[in-house]
Amino acid sequence: MHSKGRRFNIMDSNICESWNNVIREAREYPLICMLEYIRTTLMDWFATGRAQAEDCPTTLAPRVQERVEENYQAAMSMFVKPICNFEFQVQVRTGECFIFKGDESTCSCLEFQGLGRPCAHAIAAAARLGVPTDSLAANGYFNELVKLSYEGKIYPIHSVGGKVAPGIASGTTGEVHPPFVHRPPGRPRKIRILFRGEFKASS
C-alpha cells in the first residue's frame with residue numbers, strides 16, 4: 001500500500017548514517033584533525049555544488065531534469081483522453097489507465113504528489129493542456145533554490161597561536177586535558193545497524 005504523504009516529510013537517520021560512513025576513517029584522528037577533515041569535506045562539497053548549480057542551463061536542478069526527460073520519453077507513447085477541463089485519462093501501452101487532475105496536481109499513480117516531480121502521466125496530460133512541464137515540479141526542485149542552498153561559504157579557522165581561553169585550562173599550568181568519559185567495552189561500531197527488512201547491497 002502506498003503512503004499518501006510526501007516522502008520528504010518522513011524523518012529518519014539515513015543522512016546521519018551516510019555522513020557517519022563518510023567520516024569513518026576520520027573518526028580515528030585526533031579531535032582537531034577530525035574537525036578539520038569535516039570542514040574541508042563540506043567546503044569542497046559546497047564549492048562543487050555551487051559550481052554545478054551556476055553552470056546548470058536548465059530551470060530544474062540537473063538530476064531532476066534527467067528524471068523529467070526520462071518521463072517525457074515515456075509520456076510520448078501514452079494516449080490521453082479528456083474527462084473534463086482539467087482532468088484526463090492517461091492510458092499506457094499495457095492498457096492500464098491513470099487519472100491526472102490538473103487543478104489538484106495529483107495523479108492516480110501517486111508518484112506525482114509523492115515525489116513532487118511530474119510523472120509520465122502528468123507530462124502527457126500537460127502536453128495536451130499546453131502547460132510547460134517545468135511548472136508541474138515542486139518549488140524545491142528549481143535550480144534557483146539549489147543555488148540558495150549552496151550560498152553559504154565555509155572558511156578555515158584562523159590560528160589562535162596556541163593560547164588557551166580563560167576558564168578552560170585545568171589548574172595553573174595552562175594545560176588542557178580531555179574530559180573524563182567512560183568508554184564502553186568492545187570496539188566502537190563503524191557500520192550502521194540495518195533496518196528491519198533492509199539488506200546490504202552486494203558489491
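Predicted model: local features only at pLDDT ≥ 70, side-chain atom pairs only at ≥ 80, totals over all residues.
Local features are reported at pLDDT of at least 70 and side-chain atom pairs at pLDDT 80 or more, while totals for chains, interfaces and linings use all residues. Residues are numbered from 1 along each chain as its sequence is written, and side-chain values rest on heavy atoms, with hydrogens and water left out.

**Overall organisation**

The secondary structure of the chain amounts to six helices and four strands; these are DSSP runs numbered from the N terminus, helices being H or I with at least four residues and strands E with at least two. Read from the N terminus, the order of elements is α-α-α-β-β-β-β-α-α-α. Of the 203 residues, 24% are buried, that is, under 20% relative accessible area with a 1.4 Å probe and protein chains only. Among the contacts with a separation of 6 or more, 50% link residues 24 or more positions apart; a contact means heavy atoms within 4.5 Å.

**The sheet**

The four strands form an open antiparallel sheet in the order β1-β2-β3-β4, where two strands pair if DSSP finds at least two bridges between them. Its edge strands, β1 (79-82) and β4 (106-107), each pair on one side only. Helix α5 (residues 120-129) packs on this sheet and touches β1, β2, β3 (97-101) and β4, its direction making about 125° with that of β2. That angle is taken between N-to-C directions on a scale from 0 to 180 degrees, with axes fitted to C-alpha atoms, for helices over the stretch in contact.

| Strand pair | Bridges | Residues between the strands | A residue pair |
|---|---|---|---|
| β1 and β2 | four | four | V80 and V90 |
| β2 and β3 | five | five | E87 and K101 |

Within the hairpin of β2 and β3, G95 takes a positive phi near 100°.

**The largest pocket**

The largest pocket has a volume of about 350 Å³. A pocket is an open set of points on a 1 Å grid over the protein atoms alone, with protein on both sides within 12 Å along at least five of seven lines, and lining residues have an atom within 4 Å of a point. Grid points are joined across faces, edges and corners, and the volume is the space filled by probe spheres set on them.

The lining comprises 14 residues, with G49, Q52, R63, V146 and Y150 lying nearest the centre. Helices α2 (31-55), α3 (62-75) and α6 (143-149) are the elements that give two or more residues to this lining, and α2 gives the most, with seven. By class, nine lining residues are nonpolar, four polar and one charged. Here Ala, Val, Leu, Ile, Met, Phe, Trp, Tyr, Cys and Pro count as nonpolar, Asp, Glu, Lys and Arg as charged, and the others, Gly among them, as polar.

**Residue N143**

N143 belongs to helix α6. This residue is buried, with a relative accessible area of 3%. Leaving aside residues up to four places away in sequence, N143 touches A53, C56, T58, T59, L60, A61 and P62.

Technical notes:
1 Å grid on protein atoms, 1.4 Å probe; cavity = no way out; pocket = protein on both sides within 12 Å on 5 of 7 lines; lining within 4 Å. Buried < 20%, exposed > 50% of the residue type's maximum accessible area, 1.4 Å probe, protein only.
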